[in-house]
Amino acid sequence: MTTRAAPARRMWPLYAAGFTTAFGAHGIAASLGGASKDAVTSLLVLGGLLALYDGAEVLLKPVFGTLADRVGARPVLLGGLIGFALASALYVVADSPGWLWAARLGQGAAASAFSPSASALVARLNPAAERGRAFGGYGFYKSIGYTLGPLLGGVLVWAGGLRLLFAVLAVLGAAVAVWAALAVPVVPPLPKARQTVLDLARRLADPAFLAPTGALAAATAALSAGVGFLPVSGRAAGLGTVATGAAVSLLAACAAVVQPRAGRALDEGRLTTRSGLAGGLAVTAAGLVSAMLPGLTGILVGATLIGLGTGLITPLGFAALASSTPEERLGQTMGAAELGRELGDAGGPLLVAAVASGTSLPYGFGALGTLVGAGAVVAFVRRDRAF
């Protein structure tokens, strides 16, 4: 077991991998429907391309997480980054609608490999007492990727179309792969006892897994709904694109700033996993309810609180999963937890949209806020079980 925190030079490539998956996901997603000559103009095709990336992650993250436990997280990390670079380069070379589908699917599959592997390495390279700080840093740079993705992606598409954006992602993936190969140490897989399907089901049904994963899923659902629907509220209130874009950036910036601080507070004993996750869920729920308020006030308060709440939940949730999982099963656990996050990423906006379609958007925010708030109540009340 690791007794000392990994040097910064070994952690930076893992942080860069987190940035890459976030930048790749949001940078392209925000640019596919843009105004460039190669942008997607059909809403049906746009929806399919957006779902393709997430669908690959939902199906493959648990698979690659288990593979990381079997062969080692470092080879899966490097293979995923190389695959991401090759998939991105595919569209640069081919430049046709059919190959755009193939490139997007390849990117999603590759991210499914290197994202849970990076999380597992963050845990393996740091002792339990330092994992809050480590996951806080990892989450910070991932949030920076989410924040800068739409902005930088839009600039690149404006300057050279989708091909330029894919070319930059290909270079980024290759550069991070080389960096990781040089700086991330070999972390051999640990011997493990044979695990049956029943053993796996029992472990994944344990509150030590379900509580942090549920909190992470709720945070991702709120984040995705906020990013997707706060601009809609802004337009309904007569606000321009600059104001609504600033609100989304505020949400992501708050999440980025809070994560390292939450991780340090956990490591220093100033915050417990239970209180942090419960408090984060409560703040996130308050943000969703605040988004029901009309005008700029509701948008800014909602964005701030959603960002603060999700920023508090993310490093604590991953640190809790790492501390409750045998090290030889970290990849499998991180892959399964990432699956939970992907389901929240899809389910949050779907719930808001479903309720809003029958009523109005504020009620959609209220429905998701009620659900997240119920999770906070459960976390506060369940003091009989530790996680």
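## Packing of H7 against H10

In this predicted model, helix H7 (residues 207–236) packs with helix H10 (residues 295–324) at an angle of about 155°, their axes lying 8 Å apart; axes are lines fitted to C-alpha atoms, for helices over the stretch in contact, and angles run from 0 to 180 degrees between N-to-C directions. H7 is therefore roughly antiparallel to H10, a term for angles over 145 degrees. Helices here are DSSP runs (H or I, at least four residues) numbered from the N terminus.

The contact (heavy atoms within 4.5 Å) involves residues of H7 including Phe 209, Leu 216 and Leu 223, and residues of H10 including Ile 306, Ile 313 and Phe 318. By class, 16 residues are nonpolar, seven are polar and none is charged, with Gly counted among the polar residues.

## Crossing of H4 and H11

The axes of helix H4 (residues 97–124) and helix H11 (residues 330–358) come within 8 Å and cross at roughly 130°, so H4 and H11 are oblique to each other, oblique being what remains after angles under 35 degrees (roughly parallel), over 145 (roughly antiparallel) and 65 to 115 (roughly perpendicular). Among the residues that meet are Pro 116 and Arg 124 in H4, and Met 334 and Glu 338 in H11. This contact of H4 with H11 divides into five nonpolar, four polar and two charged residues.

## Basis of the values

Residues are numbered from 1 along each chain as its sequence is written, and side-chain values use heavy atoms, leaving out hydrogens and water. Because the model is predicted, local features need pLDDT of at least 70 and side-chain atom pairs count only at pLDDT 80 or more, whereas totals for chains, interfaces and linings use all residues.

Key: Helix = DSSP H or I, 4+ residues; strand = E, 2+ residues; numbered from the N terminus.
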